[in-house]
Amino acid sequence: MATLSISGIILRFLLGGGAVVACHLVSKTLGSKWGGVFAAFPAVFLAALLALRLDATGEALVKKSVELSQGAVIGMLIDIFCAMAVVYFSTKQGWKRGLTQALAGWFFVSLVYAVLSGYF
């Protein structure tokens, strides 16, 4: 398991949290549709890339950046399917049950992917 610096963790926290606050403000100002579009911005990915620069250099930085990017693509695809599942299940069964089912599906698919990829 890779080690993380305290500055890297703080950077991830600030950028990720800042993105959530910005989404909320955009949503309140421009409406929930624009807030949702803005929420799709991969702020956590950006924070991870910037923090990775604090934790690695040279060839190790390139290798870890490629691995992080590949994982981000898979994660974003899973997130898209989760959002589609929320819309489908919420329409059919109400928002609480629909959200719960979609998140449970997201967790299951992510866990299966992690196991098959050798993370667990």
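1. In this predicted model, the axes of helix α4 (residues 58–93) and helix α5 come within 7 Å and cross at roughly 155 degrees, where axes are lines fitted to C-alpha atoms, for helices over the stretch in contact, and angles run from 0 to 180 degrees between N-to-C directions. The two helices α4 and α5 are therefore roughly antiparallel to each other, given that angles under 35 degrees count as roughly parallel, over 145 as roughly antiparallel, 65 to 115 as roughly perpendicular and the rest as oblique. The crossing in which α4 passes α5 is right-handed, a term that applies if the near helix is turned clockwise from the far one by less than a right angle, with anticlockwise giving left-handed.

2. On the α4 side, the residues that make this contact are Ile-74, Ile-78, Asp-79, Cys-82, Ala-85, Val-86, Phe-89, Ser-90 and Gln-93, and contact means heavy atoms within 4.5 Å. The α5 side contributes, among others, Trp-95, Arg-97, Leu-99, Leu-103, Trp-106, Val-109 and Tyr-113. By class, the contact of α4 with α5 has 13 nonpolar, five polar and two charged residues (Ala, Val, Leu, Ile, Met, Phe, Trp, Tyr, Cys and Pro count as nonpolar, Asp, Glu, Lys and Arg as charged, and the others, Gly among them, as polar).

3. Ile-80, also found in helix α4, counts as partly exposed at 47% relative accessibility; buried means under 20% relative accessible area, exposed over 50%, and partly exposed in between, with a 1.4 Å probe and protein chains only.

4. As to the overall fold, the protein comes to five helices and zero strands, and from the N terminus on its elements run α-α-α-α-α, helices (H or I, at least four residues) and strands (E, at least two) being DSSP runs numbered from the N terminus. The C-alpha atoms fill a box of roughly 50 × 40 × 20 Å along the principal axes, and buried residues make up 18% of the 120 residues. Of the contacts with a separation of 6 or more, 47% are accounted for by residues 24 or more positions apart.

5. Helix α1 (residues 6–30) holds Val-26, and it also holds Gly-8 and Phe-13. Gly-8 counts as buried at 0% relative accessibility and touches Ala-51 and Leu-54, not counting residues up to four places away in sequence. Phe-13, in contrast, is exposed, with a relative accessible area of 63%, and its C-alpha atom is separated by 8.1 Å from that of Ala-47, 34 residues apart along the chain. With the same exclusion of residues up to four places away, Val-26 touches Gly-31, Trp-34, Gly-35 and Phe-38.

6. On confidence, the protein averages a pLDDT of 83, and 91% of the residues score at least 70, pLDDT being the predictor's confidence in each residue, from 0 to 100. Among the elements, helix α2 (residues 32–39) has the lowest mean pLDDT (73), while helix α5 (residues 95–116) has the highest (91).

7. Some conventions apply throughout. Local features need pLDDT of at least 70 and side-chain atom pairs count only at pLDDT 80 or more, whereas totals for chains, interfaces and linings use all residues. Residues are numbered from 1 along each chain as its sequence is written, and side-chain values use heavy atoms, with hydrogens and water left out.
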